[in-house]
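Take a look at the model below. We will go through it a few elements at a time.

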Amino acid sequence: MSSPRRSARIQALVAEQAAQRGARVGVVDVCTAAVAALPVGGAGLSAMSRTATSHPLCSTDTISEQLEELQLTLGEGPCVDAFTQGFAILTPDLLTGALQDRWTVFADAALEAGARAVFAFPLQIGAISPGVLDLYANVPTVLNAEELADALAFADLATLLLLDTRIDETGAPTGQPLPESSVEELGGYRAEIDQATGILTVQLGVGIDEAFVRLRAHAYTQGRRLADVAADVVAHRLRFSPDTEPRRTDGRTNEET
């Protein structure tokens, strides 16, 4: 996770973009702020899952939109690798011979679209990865240490925003904002979702991805924030079962929460 000072600076840049739109903070503001702060030409973000359909959520321009769609359609590229491998994939120059062999279709398609360098950062909380943040440049580009740290901080904030938005029937965020929180609170929030998902793997006898899907699905059906449901699980106020609906153990009904 990013340092508190860096995280606070990145949060301020993202909030400034939202203010310029006259809207609540969302993942689109992370993409826009990243493009303004880093030596890249565009950014895109896709929600990804091993158990559900992946789909683009936002992009800052036509090229980034094409890159998101290309990777999800072809099933190859830095975005796909970052998601499956769980770490950033940095591609300073798509003309590198090894990359042409690695992404036989995507590399040429991305170059034709206008991208020369692509950087993909998985959105992660522990073992949970709900998506990937992609950045591209139209010339060969290398991110220095500070720029890379900033990019990771943008991905960190995008993770929090994506996880804490309400999800509609299509699986797409409805755009509700992350509540105002300090950097320290955001760190605790990340840890609690990770911990709750781990608890559900035991209660449900499933893997981490399926446990997270069940946690998020319950938050949606109850119209609650994911963070609040996770807190109930960790505090043993809410228990999940493989065969029945989640039940509260504190005497309250789901409607009363």
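A residue counts as buried when its relative accessible area is under 20%. The model is predicted. Asp232 has a relative accessible area of 4%, so Asp232 is buried. This residue belongs to helix 10, which spans residues 226-234. What does Asp232 touch, leaving aside residues up to four places away in sequence? The contacts are Arg224, Arg237, Leu238 and Arg248.

Now turn to helix 6, residues 106-113. Its buried residues are Phe106, Ala107, Ala110 and Ala113. Viewed down the axis of helix 6, the buried residues fall within an arc of 125 degrees, so they line one face of the helix. Their cover includes helix 3 (62-74), helix 4 (78-85) and helix 5 (97-102). Just after helix 6 comes Gly114, with a positive phi of about 120 degrees.

Last, a pair of helices. Two packed helices are described by the angle between their axes and the distance between the axes. Helix 1 covers residues 4-21 and helix 2 covers residues 27-37. Their axes come within 8 Å and cross at roughly 115 degrees. Angles of 65 to 115 degrees count as roughly perpendicular. Helix 1 and helix 2 are therefore roughly perpendicular to each other. The crossing of helix 1 past helix 2 is right-handed.

Which residues meet there? Helix 1 brings Leu13, Val14, Gln17, Ala18 and Arg21. Helix 2 brings Val28, Asp29, Val30, Thr32, Ala33, Ala36 and Ala37. By class, this contact has 8 nonpolar, 2 polar and 2 charged residues.

Conventions
Residues numbered from 1 in each chain as written. Predicted model: local features only at pLDDT ≥ 70, side-chain atom pairs only at ≥ 80, totals over all residues. Heavy atoms only, no water. Axes fitted to C-alpha atoms, helices over the stretch in contact; angles between N-to-C directions. Helix = DSSP H or I, 4+ residues; strand = E, 2+ residues; numbered from the N terminus. Parallel < 35°, antiparallel > 145°, perpendicular 65-115°, else oblique. Left-handed = near helix turned anticlockwise from the far one by under 90°. Contact = heavy atoms within 4.5 Å. Nonpolar A, V, L, I, M, F, W, Y, C, P; charged D, E, K, R; others polar. Buried < 20%, exposed > 50% of the residue type's maximum accessible area, 1.4 Å probe, protein only. Arc of directions from axis to C-beta.
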